[in-house]
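Here are a few friendly notes to read alongside the model.

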Amino acid sequence: MNVGDREPLIRDPVVVKLVEVWRPVWALSYASSLLGWDARTYMPRKAAPERGVARAELSVLSRRLLLSREVKALLEVAEKRVELLNLYEAGVVRVLRREIDISEKLPEDFVYNFNKLVEEAASVWEQAKAKSDFKMFQPYLEKIVEMARKEAEYLGYEGHPYNALLDLYEEGLRIDDVDNMFNTIIPESKKVLEKVLSEGYYPQKHELERREYDKEKMREANVKILNLLGYPWERARMDVSAHPFTTKIGMYDVRITTWYPEIDGAPRDFKRSLYAVIHEFGHALYELQVDERLAMTPVASANSLGIHESQSRFWENIVGRSMEFTGLIKPILDETIGITKEYTVEELYKYFNIVTPSLIRVEADEVTYNMHIYLRYVIEKKLIEGSLSVSELPQVWNDMMEELLGVRPKNDREGVLQDVHWSLGSIGYFPTYSLGNVVSAQVKAALEKDLGELPDLISRGEEGIVEIKNWLREKIHKYGSTLKPRDIVKRATGEEYNPKYFVEYLYKKYVRR
Ligand code: MG
């Protein structure tokens, strides 16, 4: 392991011993991550049920080891000496305490039943979506909401039960934070959208969306763009999956995937493949830049969904969809897929930045994306507090879409059934996407205070990109999950979550006059 002869970060004897005793838990998650990655990339399709059982057994084993007397006893000793611990050691103690508390609060039979329910629900959801039939999924979602409410009761909360679910995905995140975020960004996003549509500089569609490209050449483009970004191939990979994702297997093994989605029987709209790569690169970079001395410890992985998404969004949107970055990658696209040759950098930039009110969240642009999240947040909160019943969902969804974006789904598939999350039991997850957008703009502002304007940095190519990466490593990435999400943001930007930077970013980029 190449950590040089630097002093170890975890050196308190009790915490060292604690990490050693906990290490089998890490090893199981290492194995399970690899199995999970394989399941979504190369595994033969028929292997799915068997693989599911294998991973479920590993997770039971892991829970048992985590809750073993040995780990808990050492953790208690470490907690008593917390004032002697450095930042990283205290981080280990905090992360393990949180994991153990959550595991202990949720009874084993509850976890088992919830997992069984969502396994069934996920496959029913798939069929219901294909048939665009919400009624089919409704009884399952009713049970999931009921279980999620129970989960909140088991976990405990202050104020609203939804706080317990938010905290599960983003440590310390509360309804007050989310309300404050949406109260600022939603009205402003509406205003920006109106301006964009009336000014007409950013198109609502572009002919390049329909242009067919060569998959192999696009792969070559993706590799070259990752090279430009300094993707370390000796520690990382890029493969293909049905939906793009990133997985950290270990400190020296981080993998991203992309896709080459087909429209009318051929790969078209190459930006979908390209921006999947840049987005996942942002996730991967976070994991790759964690201090290597934290390898194989409980803080080795960046565990906040919101901060993670801020990093992927930073690279995808703030860097990747800028005019300057478009200028950097145009030569790469010209010499690989070639269909970009007849367009100017500005024209390409417009294709990369189409803005249009749409029905589907995953296809939404920077201006409208958060409205999709806001809708889900409002619905989830009401479902959990019991002021909205599952049967009312399609109607409420469609009405809210119309109110927010002026478009109305024609059926459940392009409405309430579009996302997989609820079928997986993930209620309270969506707000982390918007938090990611908000934090990405806050990070941009802080970075510019130190390094100067981002467009200038990007224009300098590889050298400027290295400067950006170094800043992110020192301010955010190197800590892994040592710090609470809120504390990372405070440390990196000097402020609490502040949505005004996202609004400023939108205005600067999208309002031309
Ligand atoms: Mg992401």
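1. A residue is called buried under 20% relative accessible area, exposed over 50% and partly exposed in between, using a 1.4 Å probe and protein chains only. By that rule His279 is buried, because its relative accessibility is 11%. Glu309 counts as buried too, because its value is 9%.

2. Please keep in mind that this is a predicted model, where local features need pLDDT of at least 70, side-chain atom pairs count only at pLDDT 80 or more, and totals for chains, interfaces and linings use all residues. Residues are numbered from 1 along each chain as its sequence is written, and side-chain values use heavy atoms, with hydrogens and water left out.

3. The magnesium ion is held by His279 (NE2), His283 (NE2) and Glu309 (OE) at 2.3 to 2.4 Å. Donors here are N, O and S atoms within 2.8 Å of the metal (3.2 Å for Na, K and Ca); water is not among the atoms, so sites may look incomplete. Along the chain the donors are spaced as H-x3-H-x25-E. His279 sits in helix α10 (residues 271-288) and Glu309 in helix α11, 30 residues apart. Helices are DSSP runs (H or I, at least four residues), numbered from the N terminus.

4. Which residues line the largest cavity? They are Arg313, Asn317, Ile318, Glu366, Tyr369, Asn370, Asn437, Ser440, Phe502 and Tyr505. A cavity is a set of points on a 1 Å grid over the protein atoms alone where a 1.4 Å probe fits but cannot get out, and lining residues have an atom within 4 Å of a point. Helix α11 gives the most to this lining, with three residues.

How values were computed. On a 1 Å grid over the protein atoms alone, a cavity is a set of points where a 1.4 Å probe fits but cannot get out, and a pocket is an open set with protein on both sides within 12 Å along at least five of seven lines; lining residues have an atom within 4 Å of a point. Helices (H or I, at least four residues) and strands (E, at least two) are DSSP runs, numbered from the N terminus.
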